[in-house]
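Here is a short tour of one model, written for a reader who likes to follow along residue by residue. Please keep the structure open as you read.

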Amino acid sequence: MLMRLKQTLQSPKYHPEGSVWNHTLLVLDAAAQMKDQSENVQVFMWAALLHDIGKPGTTRNHKERITSYNHEKLGAELSAQFLSEFDCDAEFIRQVSSLVRWHMQILFVNKSLPFADIQSMKRQTSVHEVALLGLCDRIGRSGADIAKEQLNIQIFLQKTKS
């Protein structure tokens with residue numbers, strides 16, 4: 001599953017670093033720097049590794065535009081399959097796959113897209129963990145504006161309060 005990330009290209013507009021694998025490595029670097037802010041470092045780091053595992057199965061090139069719609073949903077399923085190959089307990093797998101499932105909510109919530117589902121996200125995982133993983137995802141790109149991405153996370157946290 002991880003090998004497929006190397007061959008999966010992304011939109012150069014949003015991911016100038018190239019393949020999903022290159023992006024994943026940048027996300028892992030960011031996550032390693034921020035892991036002490038996590039509620040569960042092991043869950044957080046596995047989610048950082050697997051957050052885009054659904055992209056190879058959902059990436060399409062349509063009219064010279066690369067998209068990966070619903071990669072977070074497929075990624076939740078694939079991350080559970082991936083982790084089930086190891087000696088991981090069911091709760092650990094659920095926590096990792098839930099973070100993978102909800103990591104795109106920052107974009108959806110901040111842009112008021114119809115895919116935003118704050119209540120379901122809150123039932124399944126920690127908003128704090130989604131925000132932390134989301135920050136790593138957003139700064140794990142070549143040329144990311146860290147201050148802008150931190151502001152996006154603050155907006156997300158504000159919108160998901162209550």
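This is a predicted model: local features need pLDDT of at least 70, side-chain atom pairs count only at pLDDT 80 or more; totals for chains, interfaces and linings use all residues.

## Helix 3 and its cover

Let us begin with helix 3, which spans residues 41-50. Its buried residues are Val 43, Phe 44, Ala 47, Ala 48, Leu 49 and Leu 50.

What lies over the buried residues of helix 3? The cover includes helix 2 (20-34), helix 5 (71-84), helix 6 (90-102) and helix 9 (127-139). Have a look at the start of helix 3 as well: there, a side-chain oxygen of Asn 40 comes to within 3.2 Å of the backbone nitrogen of Gln 42.

## Where helix 3 meets helix 9

The axes of helix 3 and helix 9 come within 10 Å and cross at roughly 45°. Because of that angle, helix 3 counts as oblique to helix 9. On the helix 3 side, the contact is made by Phe 44, Ala 47 and Ala 48; helix 9 contributes Glu 129, Leu 132, Leu 133 and Cys 136. The crossing of these two helices, helix 3 and helix 9, is right-handed.

Phe 44, Ala 47 and Ala 48 also belong to the buried residues of helix 3. Across from them, Cys 136 of helix 9 is buried too, because its relative accessibility is 0%, and buried means under 20%.

## Two buried serines

Ser 68 sits in the loop between strand 2 (65-67) and helix 5. Is Ser 68 buried or exposed? With a relative accessibility of 17%, Ser 68 counts as buried. The side chains of Ser 68 and Thr 59 are joined by a polar contact of 2.8 Å. Setting aside neighbours within four places in sequence, Ser 68 is in contact with Lys 55, Thr 58 and Thr 59.

Ser 98 lies in helix 6, and is buried with a relative accessible area of 6%.

## The cysteines

Now for a quick check on sulfur. The number of disulfides comes to zero, since a disulfide calls for a pair of cysteine sulfur atoms within 2.5 Å. Cys 88 has a relative accessibility of 25% and counts as partly exposed, whereas Cys 136, at 0%, counts as buried.

Terms used: Residues are numbered from 1 along each chain as its sequence is written. Side-chain values use heavy atoms; hydrogens and water are left out. Buried means under 20% relative accessible area, exposed over 50%, partly exposed in between (1.4 Å probe, protein chains only). Helices (H or I, at least four residues) and strands (E, at least two) are DSSP runs, numbered from the N terminus. Contact means heavy atoms within 4.5 Å. A polar contact is a pair of N or O atoms within 3.5 Å; within protein, one must be able to donate a hydrogen and the other to accept it, and residues adjacent in sequence count only if both atoms are side-chain atoms. Axes are lines fitted to C-alpha atoms, for helices over the stretch in contact, and angles run from 0 to 180 degrees between N-to-C directions. Angles under 35 degrees count as roughly parallel, over 145 as roughly antiparallel, 65 to 115 as roughly perpendicular and the rest as oblique. A crossing is left-handed if the near helix is turned anticlockwise from the far one by less than a right angle, and right-handed if clockwise.
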